[in-house]
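This briefing covers the fold, strand pairing and ring contacts of the structure shown below. Please read it alongside the coordinates.

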Amino acid sequence: MAAAPPAFTGNLKKALAGLRRINLDGLRWRVFDAKGQVLGRLASQIAVVLQGKDKPTYAPHVENGDMCVVLNAKDISVTGRKMTDKIYYWHTGYIGHLKERRLKDQMERDPTEVIRKAVLRMLPRNRLRDDRDRKLRIFSGGEHPFHDRPLEPFVMPPRQVREMRPRARRALIRAQKKEQANRAAAESAKDEEDGKTAKAEIKA
Amino acid sequence: MNKGKIFKLAKGFRGRAKNCIRIARERVEKALQYSYRDRRNKKRDMRSLWIERINAGTRLHGVNYGNFMHGLMKENIQLNRKVLSELSMHEPYSFKALVDVSRNAFPGNRPIPAKEGLASIL
């Protein structure tokens, strides 16, 4: 789409880190668009591609996964109340130092870490895990510095979305109606103001 | 006599297990037990690897492993998983023909969606 690709703002050093260590011939560069995708479902697809399990030449001792570039990490969505209620815990090793952080705060600090944690925790815990981590590049916006590589977009498999439960559906309809009423009220208020200013101009 | 045989089997072991008879004897016994067990495990692991490869190969054509095998059984194609995995790796066109045969016999999957959406960004 972009004839002249937009300049990549952001940490170029971090984006290109460790590229030399990966043996890149024969690997495809798959691009995932995280906009509007559910976190876990996207992460499981990324993990499958990263392990190379979608190729018939899969071998468990050889690292043969494709390079995965993930865009728009800040637009990832989660269902339910996970945005406020999902908590990441980690223990620093000192007694009593169990730290926690909510999804909301993590998204403000670094949205790429959310996807990275999700994918890393879906990979098998073996010696190839670090190499697979190196093949995963996540960007919170839509720009990336890999425009000179042969990129391929990844099409997510079709998903059957469960229909909403009756109470949730009623709440959603109520919220929509309230928004419509607010918008209508705002427009009518604006029209009145415009009308008043017009009359003031005519009078003056 | 016995010690010689044990040290011969203990080549490449770590630390004192290759040099000192008491430790080497234990480690060699364990190694022989493992090799007995793994001669049987290897058959299982290889079959599971063939199945993973066949699964990957058929999903490229929009069919998953279960439906593919069901279609083959219906058509009475008695190729085993080892041969099927070799075909999926090295003979892609023949494998596609097999996938089509299976799909005709047992249509159970939706077709692959056409590439759209993100292709406009890149």
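In chain A, 70% of the contacts with a separation of 6 or more are between residues 24 or more positions apart. The model is predicted. Chain A holds 7 helices and 6 strands, and 30% of its 204 residues count as buried.

**Overall form of chain A**
- Read from the N terminus, the elements of chain A follow the order α-β-α-β-α-β-β-α-α-α-β-β-α.
- Chain A is more spread out than a compact globule, because its radius of gyration of 23 Å is well over the 17 Å that the globule rule gives for 204 residues.
- The C-alpha trace of chain A spans about 80 × 50 × 40 Å along its principal axes.
- Chain A has an accessible surface of about 13900 Å², and carbon and sulfur atoms account for 51% of that surface.

**Hairpin of strands 3 and 4**
- Strand 3 (residues 87-91) and strand 4 (residues 98-102) of chain A run antiparallel and are joined by 5 bridges.
- Within this pairing, A:W90 has A:K99 in strand 4 as its bridge partner.
- The two strands form a hairpin with 6 residues between them, and A:G93 in the turn has a positive phi of about 110°.

**Aromatic pairs**
- Over all chains, the count of aromatic pairs comes to 4.
- One of them is the tilted pair of A:W29 and A:F146, with 4.9 Å centre to centre and 50° between the planes.
- This pair links distant parts of the chain, 117 residues apart: A:W29 belongs to strand 1 (residues 29-33) of chain A, while A:F146 is in the loop between strand 5 (136-138) and strand 6 (151-153).
- A:W29 counts as buried because its relative accessible area of 3% is under the 20% cut-off.
- A:F146 is also buried, because its relative accessibility is 1%.
- A:F139 joins A:W29 and A:F146 in a cluster linked by ring pairs.

**Charges over rings**
- In chain A, A:K117 lies over the face of A:Y88, at 5.4 Å from the ring centre.

Conventions
Residues numbered from 1 in each chain as written. Chains lettered and ligands numbered in written order. Predicted model: local features only at pLDDT ≥ 70, side-chain atom pairs only at ≥ 80, totals over all residues. Heavy atoms only, no water. Pairing = 2+ DSSP bridges. Helix = DSSP H or I, 4+ residues; strand = E, 2+ residues; numbered from the N terminus. Phe/Tyr/Trp six-rings, centres within 6.5 Å; stacked < 30°, edge-to-face > 60°. Buried < 20%, exposed > 50% of the residue type's maximum accessible area, 1.4 Å probe, protein only. Lys NZ or Arg CZ within 6 Å of the ring centre and 35° of its normal. Rg over C-alpha atoms; globule rule 2.2 N^0.38 Å. Contact = heavy atoms within 4.5 Å. Areas by Shrake-Rupley, 256 points an atom, 1.4 Å probe, with all protein chains shown as cover.
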